[in-house]
Structure formats: structure tokens, C-alpha cells
Amino acid sequence: MADVQALLDQISEMTVIELSELLKAFEERFGVTAAAPVAVAAAGAATGGAGDAAAAAEEQDEFDVILTAAGEKKIQVIKEVRALTNLGLKEAKDLVDAAPKPVLEKASKEDAEKAKAQLEAAGATVELK
């Protein structure tokens with residue numbers, strides 16, 4: 001436990017720039033996104049163990065499908081958004097025009113990956129978080 005406390009003390013003394021560099025290094029080393037390291041750090045502080053936090057991050061079972069850009073085939077993307085969400089034409093168009101916006105929230109990993117594939121096939125740029 002002393003090692004964890006020493007690590008937390010070191011992190012609390014870091015500048016914002018140093019924390020940003022630590023975050024980038026963490027992302028590269030462990031192959032995670034920006035949202036996951038924050039959750040891992042918070043879970044590590046709460047549980048007192050980095051191993052417990054890493055296990056919790058790997059077990060993520062809900063994902064958000066974020067439309068980051070519609071691309072050149074905007075009409076096809078709108079059709080896919082309508083198919084995935086059951087939104088009306090105007091609502092789907094507004095969502096696509098307002099990108100980046102979440103298309104699906106708290107979807108299973110399988111559904112999120114399927115939605116991402118459909119939207120990318122239509123020409124959109126999509127992120128999973």
C-alpha cells in the first residue's frame with residue numbers, strides 16, 4: 001500500500017503538462033483511449049490497486065458510438081443513422097449535421113462495433129468510447 005500512496009503523492013505534485021505527457025505514455029503503452037486512463041486512475045485511487053483498476057477497464061461492456069464526421073456521402077450516413085436509431089428524417093439529419101454527436105449510447109460491444117461498421121461503410125468517421 002505504501003507504493004500506491006507514494007505513486008499518488010508523485011502524481012499530485014505533477015504539473016498539467018506532465019500529467020498530459022503521462023496520459024499519452026499510458027495510452028501508448030497499454031493501447032487504451034483517453035477516457036479509459038482517467039477511469040483507470042480514478043478506480044486505482046478508489047480501490048488502492050492498479051491491478052484491480054486495469055481489470056475493471058478491460059471489462060467495459062457499454063460503449064457509445066460517436067459520429068465524428070459525416071464524410072462526403074452525407075445522405076447515406078443519414079440513412080444509416082435512421083436505421084440504427086429509428087429517428088425521423090429531420091432528427092437524423094440534425095444529428096449528422098451537428099457531428100460530433102453520439103448515435104448510440106450504452107450499447108453492447110457487439111452492437112457498437114456493428115453500428116460503427118455500418119456508418120463507416122456509408123462514409124462516416126466514427127469513434128467508440
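Lys90 is exposed, with a relative accessible area of 58%, where exposed means over 50%, buried under 20% and partly exposed in between (1.4 Å probe, protein chains only). The model is predicted, so local features need pLDDT of at least 70 and side-chain atom pairs count only at pLDDT 80 or more, while totals for chains, interfaces and linings use all residues. Residues are numbered from 1 along each chain as its sequence is written, and side-chain values use heavy atoms, with hydrogens and water left out.

**Salt bridges**

- Five salt bridges are present in the structure; a salt bridge is a side-chain nitrogen of Lys or Arg within 4 Å of a carboxyl oxygen of Asp or Glu.
- Asp94 is partly exposed, because its relative accessible area is 37%.
- Between Lys74 and Asp97 there is a salt bridge whose closest N and O atoms are 2.5 Å apart.
- This pair links distant parts of the chain, 23 residues apart: Lys74 lies in helix α5 (residues 74-85) and Asp97 in helix α6 (residues 89-97).
- Lys74 has 33% relative accessibility and therefore counts as partly exposed; Asp97, at 39%, also counts as partly exposed.
- A network of salt bridges links Lys74, Lys93 and Asp97.
- Lys129 and Glu127 meet through their side chains in a salt bridge (3.7 Å, N to O).
- Lys129 counts as partly exposed because its relative accessibility is 47%, and Glu127 is partly exposed with a relative accessible area of 35%.

**Sheet and packed helix**

- An open sheet is formed by three strands in the order β2-β1-β3, with antiparallel pairing; two strands pair if DSSP finds at least two bridges between them.
- The edge positions are taken by β2 (101-107) and β3 (125-128), each of which has a single partner strand, so one side of each is left without a neighbour in the sheet.
- From one strand to the next, the twist averages 20 degrees; axes are lines fitted to C-alpha atoms, for helices over the stretch in contact, and angles run from 0 to 180 degrees between N-to-C directions.
- Strand β1 (residues 63-69) is joined to β2 by four bridges, and the two run antiparallel.
- Helix α7 (residues 109-121) packs on the sheet and touches β1, β2 and β3, its direction making about 165 degrees with that of β3; contact means heavy atoms within 4.5 Å.
- Val65 has Leu104 as its bridge partner in β2, and Ile66 stands opposite Pro102 in β2.
- Four bridges also pair β1 with β3 in the antiparallel sense.
- On the β3 side, Val65 stands opposite Leu128.
- Strands of a sheet pair through backbone hydrogen bonds, either parallel or antiparallel.

**Nonpolar surface patch**

- Leu7, Leu8, Ile11, Leu19 and Leu22 make a nonpolar surface patch of about 360 Å².
- Patches are made of residues with over 30% relative accessible area and no salt bridge, where like charges are joined within 9 Å and nonpolar side chains (Val, Leu, Ile, Met, Phe, Trp, Tyr) within 5 Å.
- Accessible areas come from the Shrake-Rupley method with a 1.4 Å probe, and for residues only the protein chains shown count as cover.
- Helices α1 (2-12) and α2 (16-30) each contribute at least two residues to the nonpolar patch, and the largest share, three residues, comes from α1.
- Leu7 is located in helix α1; Leu7 counts as partly exposed because its relative accessibility is 46%.
- Ile11 also has its place in helix α1, and at 31% relative accessibility Ile11 counts as partly exposed.
- When residues up to four places away in sequence are not counted, Ile11 touches Leu19 and Leu22.
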